[in-house]
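Here is a set of questions and answers on one protein model. Have the chain open as you read.

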Amino acid sequence: MDKYRKYEIMYILSSTLDEEARKATISKLHGILEAGGGKVTDLKEMGEREFAYPIKKNTKGYYVVIKTSTDTASLEEFKRIAKLDQNVIRNLVITDKD
């Protein structure tokens, strides 16, 4: 069985980040997924959007959606780092059926 599984990940970054810091955070998060030999196959930066309700005292955030093929250890590390990183407001990982 292939050790890499496909996932779709949506995460929201703080809207207060400038473009350089945002790109650095995105690069860092994707690097974690690619560290174990996986790869990010699709990246959609959805841009800044208003929240329906405040999340961690934020009223808007920068949405990023990616599709990735990675191993379980890299995915768990991504989730751990995303939870600790103050620039990441929220993240959601689902198994991609494609």
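Q: Is T95 buried, partly exposed or exposed?
A: The model is predicted: local features need pLDDT of at least 70, side-chain atom pairs count only at pLDDT 80 or more, and totals for chains, interfaces and linings use all residues. Residues are numbered from 1 along each chain as its sequence is written, and side-chain values use heavy atoms, leaving out hydrogens and water. Buried means under 20% relative accessible area, exposed over 50%, partly exposed in between (1.4 Å probe, protein chains only). T95 has 34% relative accessibility, so T95 is partly exposed.

Q: Which residues does T95 touch, not counting those up to four places away in sequence?
A: T95 lies in strand β4, residues 88-95; strands (E, at least two residues) and helices (H or I, at least four) are DSSP runs, numbered from the N terminus. Contact means heavy atoms within 4.5 Å. By that test T95 touches R5, K6 and Y7.

Q: Are helices α1 and α2 roughly parallel or roughly antiparallel?
A: The axes of α1 (residues 19-34) and α2 (residues 72-84) come within 7 Å and cross at roughly 155°. Axes are lines fitted to C-alpha atoms, for helices over the stretch in contact, and angles run from 0 to 180 degrees between N-to-C directions. Angles under 35 degrees count as roughly parallel, over 145 as roughly antiparallel, 65 to 115 as roughly perpendicular and the rest as oblique. The crossing therefore makes α1 and α2 roughly antiparallel.

Q: Which residues of α2 make the contact with α1?
A: On the α1 side, the contact uses K28, L29, I32 and L33. On the α2 side, the residues are S74, L75, E77, F78 and I81.

Q: Is S74 buried or exposed?
A: S74 lies in helix α2. Beyond its neighbours within four places in sequence, S74 is in contact with I32, L33 and G36. Its relative accessible area is 7%, so S74 is buried.

Q: Which residues have the most contacts inside the largest nonpolar core?
A: A nonpolar core is a set of buried Ala, Val, Leu, Ile, Met, Phe, Trp, Tyr and Cys residues joined through side-chain atoms within 4.5 Å. The largest has 17 residues.
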